[in-house]
Amino acid sequence: MKSTASIWMSMTSVSCMTTMFCHYDLQLQLNVGTLSRDYIVLYHGWLSPELREISARIYWIKDSGLPSKIQREGKPARTCVKVLAHTWRGTGKYSLVSIRIITGRQHQIRIHTAHIQHPTVCDPIYTDSATFHLDREWCPRNFLHRYRLAFTDDSGARQDTMAPLSADL
């Protein structure tokens, strides 16, 4: 008898409550690139619309409490980027961007764009302290939202779940 994956999606995470078969099937889809994870992110500065992908190796020590780093010894990581809009607030310039992660490394989205000098708005780890405190005056949390998850369920049907941007962002 086949099991059915049930999806619960909140504004910050997606959890899949499944049998072990579904767990391994989703892991396989993640590894071969058929599981899609899309995000909306607000970045400092104006990213070039020409930017389509960021590829940089990410190094992270599990359970260390240390932030991820871009480092040659890290694991390969790919982030697809699509600039949706440029805007400003006061003297600050910002880019609203759609992101699709191909790999899934610890803090991948945040470290990749900080690496190219465009940190996420309200990021306490990869943004300097002064910028983070200014961001907190108008943005209550890290401006990063997973809005879409798509995968193939155990019956072979494509599942596509979406969550609107929350009001606090």
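**Surface, confidence and aromatic pairs**

Guide: The chain exposes about 9900 Å², of which carbon and sulfur atoms supply 56%; such areas come from the Shrake-Rupley method with a 1.4 Å probe, and for residues only the protein chains shown count as cover. This is a predicted model, in which local features need pLDDT of at least 70 and side-chain atom pairs count only at pLDDT 80 or more, while totals for chains, interfaces and linings use all residues. Residues are numbered from 1 along each chain as its sequence is written, and side-chain values use heavy atoms, with hydrogens and water left out.

Visitor: What pLDDT does the chain average?
Guide: The average is 87, and 89% of the residues score at least 70, where pLDDT is the predictor's confidence in each residue, from 0 to 100. Over residues 1-17, however, the pLDDT is below 50, although this stretch has 43 contacts in the model beyond near neighbours in sequence, a contact being heavy atoms within 4.5 Å.

Visitor: Why is the pair of Trp46 and Trp88 called tilted?
Guide: Rings of Phe, Tyr and Trp (its six-membered ring) pair if their centres lie within 6.5 Å, and planes under 30 degrees apart count as stacked, over 60 as edge-to-face and the rest as tilted. The centres of Trp46 and Trp88 are 6.5 Å apart and their planes stand at 50°, so the pair is tilted.

Visitor: What makes this pair a tie between parts of the chain?
Guide: Trp46 lies in the loop between strand E3 (36-44) and strand E4 (53-55), and Trp88 in strand E7 (residues 78-89), so the pair ties together parts that are 42 residues apart in sequence. Strands (E, at least two residues) and helices (H or I, at least four) are DSSP runs, numbered from the N terminus.

Visitor: Why is Trp88 called exposed?
Guide: Buried means under 20% relative accessible area, exposed over 50%, and partly exposed in between (1.4 Å probe, protein chains only). Trp88 has 59%, so Trp88 is exposed, whereas Trp46, with 38%, is partly exposed.

Visitor: What makes the pair of Tyr94 and Trp138 edge-to-face?
Guide: The angle between their planes is 70°, with 5.6 Å from centre to centre. Tyr94 is buried, with a relative accessible area of 7%, while Trp138 is partly exposed at 26%.

Visitor: How do you know that Lys93 lies over the face of Trp46?
Guide: A charge sits over a ring if NZ of Lys or CZ of Arg is within 6 Å of the ring centre and within 35 degrees of the ring normal. Lys93 is placed over the face of Trp46, at 4.7 Å from the ring centre.
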